[in-house]
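Subject: A structure for you to explore

Hi,

Here is the structure I promised you. Have a look at it first, and then read on for what I found in it.

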Amino acid sequence: MSSSYTGIEWTDKTWNPTTGCNKVSPGCLHCYAEVLTKRFSKTFPNGFELTLHPERLEQPLRWRTPSRIFVNSMSDLFHDDVPFSYLQEIFRIMQQTPWHIYQILTKRDKRLVELAPKLQWAENIWMGVSVENQAYTHRIDALRQVPSRVRFLSCEPLLGSLQLNLEGIDWVIVGGESGFNHRSIDPQWVRDILRQTQEQEVAFFFKQWGGNHPKAGGNLLDERVWEQMPQAWEIHKLNWQKNNLKQAKSELKQNYLISI
Ligand code: SF4
């Protein structure tokens, strides 16, 4: 989609320097990115085929308000068909825009581990993996090897109960599946993950129960909304507020000097 605004609750904007993908695990079965490429075929002339969009690379440079940016809501950055040189370009843009936080999510843990040591991990780049059921918790072991400032899990669509080792993990997002063929979620799975995040002192974000559409079941878990963010987000906001203040002071000083 060309618009960068999003209804995804844990981010502010999306940035899609690539679109398209192919399915790798059960969480992909009703991939919403694929559904969108089918629904808006004029916007996505290549359909769900992996496509690079170099014309979008510099978009974040034009977004002046510090934001949380979900990188590749319509694809997977660590897909085999994304050339390493293109990945480096994406990382270069993220480094050049330290006022934003970038949230990258992948299901391709093998390529992530292989390429992570060759990439420049700036403070504002957060890395996450999807974990839909217990069979894919090995992605968390891969994530632990990545030197990102924040490491997070997206357990959406949650398809089973999870026993999680959260060592080195800062944030867990949980959500049920949405769409007419959605697979149902057991509230006890969600409560169990909440308990584990509390025991292991990790931020917890419950996005939605899911249903025929994303908002169908709401996001109350035992009458409470859980929208915790990692501490790094508060620190980032404070730093950029200070930075703005410093810049405003220096502009004021410059204007004053010019006027006398
Ligand atoms: S990895 Fe993500 S974008 Fe790719 S098919 Fe699976 S759910 Fe869709």
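A residue counts as near a molecule when its C-beta atom, placed from the backbone, lies within 6 Å of that molecule. Please keep in mind that this is a predicted model.

With that cut-off, which residues are around the ligand? They are Cys-21, Lys-23, Val-24, Gly-27, Cys-28, Cys-31, Ala-33, Glu-34, Ser-75, Asp-76 and Lys-107. Sorted by class, this shell holds five nonpolar, two polar and four charged residues.

Now zoom out to the whole chain. You can find seven helices and eleven strands in it. The C-alpha trace spans about 70 × 45 × 35 Å along its principal axes. For 260 residues, a compact globule would have a radius of gyration near 18 Å, and the chain has 19 Å, so the two agree. Buried residues make up 36% of the 260. If you take the contacts with a separation of 6 or more, 70% of them are between residues 24 or more positions apart.

Where the domains touch, seven residues of domain 1 are in contact with four residues of domain 2. On the domain 1 side, five of the touching residues are nonpolar, none are polar and two are charged.

Strand 7 runs parallel to strand 6 (residues 125-130), and five bridges join the two. As one example, Met-127 has Arg-151 of strand 7 as its bridge partner.

Then follow the chain to Pro-157, in the loop between strand 7 and strand 8 (171-175). The peptide bond joining Glu-156 and Pro-157 is cis, with omega about 0°.

Asn-72 is not a glycine, yet its phi is positive, about 70°. You will find Asn-72 in the loop between strand 4 (68-71) and helix 3 (84-96). Glu-201, also a residue other than glycine, has a positive phi near 55°. Its loop runs between helix 6 (187-199) and strand 9 (203-208).

Are these two buried or exposed? A residue is buried if 20 or more other C-beta atoms lie within 10 Å of its own, and exposed if 12 or fewer do. Asn-72 has 23 C-beta neighbours inside 10 Å, so it counts as buried. Glu-201 has 8 other C-beta atoms within 10 Å, so it is exposed.

Last, look at Phe-48, in the loop between helix 1 (32-39) and strand 3 (51-52). Phe-48 is buried because 20 other C-beta atoms lie within 10 Å. Setting aside neighbours within four places in sequence, Phe-48 is in contact with Gly-20, Cys-21, Glu-34 and Thr-37. Cys-21 and Glu-34 are also among the residues around the ligand. Pro-60 is twelve residues from Phe-48 along the chain, and 24 Å separate their C-alpha atoms.

Enjoy exploring!

Best wishes

Key. Residues numbered from 1 in each chain as written. Predicted model: local features only at pLDDT ≥ 70, side-chain atom pairs only at ≥ 80, totals over all residues. Nonpolar A, V, L, I, M, F, W, Y, C, P; charged D, E, K, R; others polar. Contact = placed C-beta atoms within 7 Å. Helix = DSSP H or I, 4+ residues; strand = E, 2+ residues; numbered from the N terminus. Rg over C-alpha atoms; globule rule 2.2 N^0.38 Å. Pairing = 2+ DSSP bridges.
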